[in-house]
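Colleague: I would like to learn how to read a ligand site. Can you take me through one?

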Amino acid sequence: MTVYLNGEFMPRAEARVPAMDRGFLFGDGAYEVVPVYSRRPFRLEEHLRRLERTLEAIRLPDPLERSEWSKLVLEVIARNAPEDQSVYVQVSRGADMSKRNHAFPEGVAPTVFVMSEPLHTPPPDQIANGVGAISAADFRWLRCDLKTVSLLGNCLLRQLAVDAGCAETILLRDGFLTEGAASNIFVVREGVLAAPPRSHLMLTGITYDVVLELAVRHGMAHEVREILESELRRADEIWITSSTKEVLPVTALDGKPVGAGRPGPLFARMYGWYQQFKTEVMRRGR
Ligand code: PDD
């Protein structure tokens, strides 16, 4: 497994950053996860645009031009064997070797790290039967629209699901659905798909956009609006979306069946469209 760190390619086990790196000390950095199908990164421009947006919002000067990022991501893909990959890109505010200080250091170069892992999309039994999820209060900060490496809140929340033998934690803030610990959430009620609107309380997923585009293209009734906790609990279907999970049905929430307790008919349609899109578009790099 070959990774890129600050200008060099090396085996992942050999990649080292100083203990003074602000990514390590403060979780001070931004990241992206880009799915790669048949060696082609899917929506790389959109991922890089989101990275630029996060870097700008956290006031971390972007160390590379968009074209340099593209080149780097393609180089990492080329140096790794799997046809389908998940490319991880991280920028931290670098290591100030002189002191630990919350305020930003001056004259410190950011740390740039890119790695690739095999892309593991959900196994067929999860698509056929769905997964379990739990709900929890969303106690994260108020800039969940930024893809930062300060992920302790997300990690604690995801672990709650793992402890309960579930795949994801669905988050509720002030009685409204926000997202999953590492995914976006869609609900279906009486034949209509609904998704929470973009806001500072959730990360707008690249996959979220794809699912909404597919709903438009194929004429599936859908709404983008605030979703109440009561609507989540009465949903006929709940879906999880992310770059690595694609679209996945949730068939139990907090131990109770969602709808009939089986993946629903709208999921079956969306999953079909998504797989078709993957074959016809993503794998061809369009
Ligand atoms: N996470 N919301 C959160 C909090 C996420 O962490 C993610 C993805 C998403 C979905 O975004 P996208 O569709 O662009 O992958 C929403 C990635 C996969 C991760 O942290 O590994």
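Modeller: We will go from the shell to the contacts, then to the setting. Keep in mind that this is a predicted model.

Colleague: How many residues surround the ligand, and which are the closest?

Modeller: Begin with the shell, counting residues within 4 Å. Here 17 residues surround the ligand. Tyr31, Glu179, Ile206, Thr207 and Ser243 are the closest.

Colleague: How does the shell divide into nonpolar, polar and charged residues?

Modeller: Sort the shell by residue class. Six are nonpolar, eight are polar and three are charged.

Colleague: Which N or O atoms of the protein lie by an oxygen atom of the ligand?

Modeller: Look for N or O pairs within 3.5 Å. The side chain of Thr207 places an N or O atom 2.5 Å from a ligand oxygen. For the side chain of Ser243, the distance to a ligand oxygen is 2.7 Å. Ile206 uses its backbone: an N or O atom there is 2.8 Å from an oxygen of the ligand.

Colleague: Which elements give two or more residues to the shell?

Modeller: They are strand S3 (29-37), strand S9 (176-180) and helix H6 (206-218).

Colleague: Why does the ligand lie between the domains?

Modeller: Ask which domains supply the shell. Domain 1 (2-118) and domain 2 (124-284) both give residues to it, so the ligand lies between them.

How values were computed: Residues numbered from 1 in each chain as written. Predicted model: local features only at pLDDT ≥ 70, side-chain atom pairs only at ≥ 80, totals over all residues. Heavy atoms only, no water. Polar contact = N/O pair within 3.5 Å; in protein donor to acceptor, adjacent residues only side chain to side chain. Helix = DSSP H or I, 4+ residues; strand = E, 2+ residues; numbered from the N terminus. Nonpolar A, V, L, I, M, F, W, Y, C, P; charged D, E, K, R; others polar. Domains from an automatic or database assignment.
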